[in-house]
Amino acid sequence: MAPSRYVGILALVTGCLLPSGVQALWPIPNKLETGTTALTVSPFFYFDVQVEGAPLDLYEAVSQAQFYLANDKLGRLVVGRGANDTTALVGANTLSTLTLSLMSGATVEPIASEAVKPLGTRSEEYTLTIPADGSAATLVANSTLGLYRGLTTFNQLFYYYGGVTYTLLAPIAITDTPAYPFRGFALDTARNYYPVTDILRTLDAMSWVKINTFHWHITDSQSFPLEVAQYPELAINGAYSPQEVYTPSDIQYIIQYAGARGIDVLLEIDTPGHTSIIAATYPDYVACFDETPWATYANEPPAGQLRFALPEVVNFTASLLADIASTVSSSYFSTGGDELNTPCYTNDYPTQLQLNSTNTTLNDALNTFTLATHGAIIAEGKTPVVWEEMVLDWNITLSNETIVMVWISSEDALAVAEKGFRIVQAPSNYFYLDCGAGAWLGDDPTGNSWCDPFKTWSESYTFDPLANLTEAQYELVLGGEQCLWSEQSGPENLDPIVWPRAASSAEIFWSAQQPTGAPLNVTEALPRLQDLRFRMVQRGLKPIPLQPYWCAIRPDACDLTA
């Protein structure tokens, strides 16, 4: 590719801001070169799949891309919404084809198979070229997953006005690959239930910004909506209603749907804390069940935790986790491990009897429990994922392959890294989407949420995944995720509380920096995030507005120093 054919972005003032025309792209590609020529899309445009033995989900992805290209109909976010572009479009060349192909020697597998490969072995990179002369555009990758990522970028490049779909930036050359292998979004569906349709819509939105992991916190103390074949009573007694469950067919459909969109489903069954609801089926397995005052025994009501010191509870939990893990395609499975309340066990007779009769400590018992439960999921081919307390608050033996999610504070990443574990960054002080909604507890009229204030997209966007770490520890950071805990959320407000804020971490962990090599910059990013938000609306999502519409169509006019 001859660089002289393109107007690159390297000559921009200070190297900090992209051309206004590329405000369409999110996350921003690694390498991006654009021109200044108008190019229209033919009404008869088609995707030419030149992949021998192409899997069904690649053809489905192409159909999806064709649908978005025809139906996004997004006007440029400028005054007039593209009315002033009509002159440039007169006599413009027309793009009729995008050719998709794999690199020589690439193995052809379904997107869904590529999406669940171990972290570090997935091939998501792609190269996209759109000539200015109307000749075929090309998308080349080393995997069907890479082709899928390229299709999401292609769909973001075009605007619509007066019946014409077009770009003003041809020729376009993009070479792209993720900076981090793990880019997630976590959803709690236990405190409040989300119908399958809402989860599917969220997976769609995740795919648009190249998020590749759906961390599904599916059970908690309040409800157990997951139907488990070997233990059906857990959902019968633990779901909010017979309708508010996730059946085995639901789980498989969601996994399949996610996989076809390049998303791995990381299931979490939080243990041994956050398990009060299990007492509805196995009352002898849970300590301090529904004890009051609840704040003495739990971080939130209802109180109740597994009696992990009891051998029968160890066996039950290992069997339960293995049964669930065997049904999911991911290489990873989370056993949680956060917020374990020790006072719950202090006066719990069965626990103390077991500890005293075996001359063991609570820490020893937790170690035995963890070795058994993790051993069970490892036997099912899964790598354990835990919350940070399992490493920082307890002295237990974990597999060296264990992945640790940092959530209490971004400052804790260093302590985890010093113990040599791989890290997923999910710090509440940057990435918790539920913060700032006020207290949800009753009889607390002046209360606030524990993680106040509200985490704006721009605050999240300033997060540095490598802060405080040594260069030798950088490789331990696998990526990160934003999280929605659902004490005050449900299907009614899912879209606006998540989007477009969750896209901020998507760009941090895909792009890491601007194509110029300059750091990510909120001033440069805002017009692009506005564009993404409006495109989401066109696709039926209900994301929260970022600014008044007046500001949205006048990029930078509402900056603090404008």
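## Second largest pocket

The model is a predicted one. Two elements, helix 1 (56-71) and helix 7, each give two or more residues to this lining. Helix 1 provides the largest share, 5 residues.

The volume of the second largest pocket is about 280 Å³. Its lining comprises 9 nonpolar, 2 polar and 3 charged residues.

## Packing of helix 5 and helix 7

Helix 5 spans residues 196-208 and helix 7 spans residues 248-259; their axes are 10 Å apart and form an angle of about 15 degrees. Angles under 35 degrees count as roughly parallel, and the two helices are therefore roughly parallel to each other. Their crossing is right-handed.

On the helix 5 side, the contact is made by Val196, Ile199, Leu200, Leu203 and Asp204. Helix 7 meets them with Asp250, Tyr253, Ile254, Tyr257 and Ala258. By class, the residues of this contact are 8 nonpolar and 2 charged, with no polar ones.

## Largest pocket

The largest pocket holds about 510 Å³ of space. It is lined by 26 residues, and Glu300, Asp434, Trp440, Trp450 and Glu487 are the closest to its centre.

The lining of the largest pocket divides into 11 nonpolar, 7 polar and 8 charged residues.

## Backbone features

Two cis peptide bonds can be described here. One joins Trp26 and Pro27, with omega of about -5 degrees. Pro27 belongs to the loop between strand 1 (7-8) and strand 2 (31-50). Another cis peptide bond joins Pro301 and Pro302, where omega is about 0 degrees. Pro302 sits in the loop that runs between helix 8 (294-297) and strand 12 (305-306).

His274 is not a glycine, yet its phi is positive, at about 60 degrees. This residue lies in the loop between strand 10 (264-268) and strand 11 (286-287).

How values were computed
Residues numbered from 1 in each chain as written. Predicted model: local features only at pLDDT ≥ 70, side-chain atom pairs only at ≥ 80, totals over all residues. Heavy atoms only, no water. Axes fitted to C-alpha atoms, helices over the stretch in contact; angles between N-to-C directions. Helix = DSSP H or I, 4+ residues; strand = E, 2+ residues; numbered from the N terminus. Parallel < 35°, antiparallel > 145°, perpendicular 65-115°, else oblique. Left-handed = near helix turned anticlockwise from the far one by under 90°. Contact = heavy atoms within 4.5 Å. Nonpolar A, V, L, I, M, F, W, Y, C, P; charged D, E, K, R; others polar. 1 Å grid on protein atoms, 1.4 Å probe; cavity = no way out; pocket = protein on both sides within 12 Å on 5 of 7 lines; lining within 4 Å. Points joined across faces, edges and corners; volume = space filled by probe spheres on them.
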